[in-house]
Amino acid sequence: MAPRLKDRVALVTGASRGLGAAVAERFAAEGAHVILVARNVGGLEECDDRVKAAGGSATLVPLDLSDGAGIDRLGAAVAERWGRLDVLLGNAAMLGGLSPVGHFDPETWDQVLAINTTANWRLIRSFDPLLRAAEAGRAIFVTSGVTEGVFPYWAAYAASKSALEAMVQIYAAEVHKTAVRANLINPGPLATRLRAQAFPGEDPNELAQPESITDVFVDLASAECQRNGEIVKAT
């Protein structure tokens, strides 16, 4: 089969490990040039090595996503180099621990909202013009099943993901008359570091690996996809 993302430029946050790295590598295998964004330089380099070993190409961007001005600079750099962005994947997230609502440390609460919600707003703010400049701009964001019920002690993470869902669906409604499409993916339980933080007693060997669900990301990133404003379950 021909590569489905040939010659497209895709930016992936949280690309140093876990789901972000798995999807970035799959995007590269499908012909995209991937812009790998994360704080962990070593993890970015390891992902880049795997991308290049498989014949793909990548650009590494060490960046703390709580740095809004840094996101703006990244948008300007992408505009200068490519003049467009074909795929934006907002994957980076943090759990922030589990605690009764009134017991969260204010700094932790602010960090969770900053990474899981505000950073994705900054990404949309910086890259919306570049998504519109692409032939078929695609924005994808990663949510969680924690938004589907009421889970005690999960307030920070659940609030941040619920806000993310509302924001992305509103953005999708705003771009529905353009060539841009915006959706969310609920990946389900995966063997990732964040999952291990939430469920330290769980056996990761009993969970799906991030590599096993990358098909749905390629589907939503493809120019042929016309889904918009949806929350798509990966499994």
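**Reading a sheet, its helices and its cores**

Modeller: Strands (E, at least two residues) and helices (H or I, at least four) are DSSP runs, numbered from the N terminus. The model is predicted: local features need pLDDT of at least 70 and side-chain atom pairs count only at pLDDT 80 or more, while totals for chains, interfaces and linings use all residues. Residues are numbered from 1 along each chain as its sequence is written, and side-chain values use heavy atoms, with hydrogens and water left out.

Colleague: How many bridges pair strand 1 and strand 4, and in which sense?

Modeller: Strands of a sheet pair through backbone hydrogen bonds, either parallel or antiparallel. Two strands count as paired if DSSP finds at least two bridges between them. Here strand 1 and strand 4 are joined by three bridges in the parallel sense.

Colleague: What is the order of the strands in the open sheet?

Modeller: The sheet has seven strands in the order 3-2-1-4-5-6-7, with parallel pairing. At its edges are strand 3 (57-62) and strand 7 (231-233), each pairing on one side only. From one strand to the next the twist averages 20°.

Colleague: Which residues of strand 4 are buried on its two faces?

Modeller: Buried means under 20% relative accessible area, exposed over 50%, and partly exposed in between (1.4 Å probe, protein chains only). In strand 4, Val87 and Leu89 are buried on one side, and Leu88 and Gly90 on the other, so both faces are covered.

Colleague: Which residues have the most contacts inside the largest nonpolar core?

Modeller: A nonpolar core is a set of buried Ala, Val, Leu, Ile, Met, Phe, Trp, Tyr and Cys residues joined through side-chain atoms within 4.5 Å. The largest one has 32 residues, and Leu19, Phe27, Val34, Leu36, Leu89, Ile140 and Phe217 make the most contacts inside it. Elements that each supply at least two of its residues include strand 1 (9-13), strand 2 (33-38), strand 4 (87-90) and strand 5 (138-142), as well as helix 1 (18-29), helix 2 (41-53) and helix 7 (214-221). Helix 1 gives the largest share, six residues. Another core lies apart from it and has 31 residues, among them Phe127, Leu164, Ala172 and Val175.

Colleague: What is leucine 89 in contact with?

Modeller: Contact means heavy atoms within 4.5 Å. Setting aside neighbours within four places in sequence, leucine 89 contacts Leu11, Val12, Thr13, Val23, Phe27, Ile140, Val142 and Phe217.

Colleague: At what angle do the axes of helix 1 and helix 7 cross?

Modeller: Two packed helices are described by the angle between their axes and the distance between the axes. Axes are lines fitted to C-alpha atoms, for helices over the stretch in contact, and angles run from 0 to 180 degrees between N-to-C directions. The axes of helix 1 and helix 7 cross at roughly 55° and come within 10 Å. Helix 1 is therefore oblique to helix 7 (under 35 degrees is roughly parallel, over 145 roughly antiparallel, 65 to 115 roughly perpendicular, and the rest oblique). Leu19, Ala22, Val23, Arg26 and Phe27 of helix 1 make the contact with Thr214, Asp215, Phe217, Val218 and Ala221 of helix 7.

Colleague: Why is helix 7 largely enclosed by the rest of the structure?

Modeller: Helix 7 is largely enclosed because six of its eight residues are buried. They are Thr214, Val216, Phe217, Val218, Leu220 and Ala221. The cover over them includes helix 1, strand 4, strand 5, strand 6 and strand 7.

Colleague: Is aspartate 48 buried or exposed?

Modeller: Aspartate 48, in helix 2, has a relative accessible area of 8%, so it counts as buried. Beyond its neighbours within four places in sequence, aspartate 48 is in contact with Leu36, Ala58 and Leu60. Helix 2 itself lies across strand 2 and strand 3, at about 175° to strand 3.

Colleague: Where is valine 112?

Modeller: Valine 112 is in helix 4 and counts as buried, at 0% relative accessibility. Valine 112 and alanine 158 are 46 residues apart in sequence and 9.9 Å apart in space, C-alpha to C-alpha.
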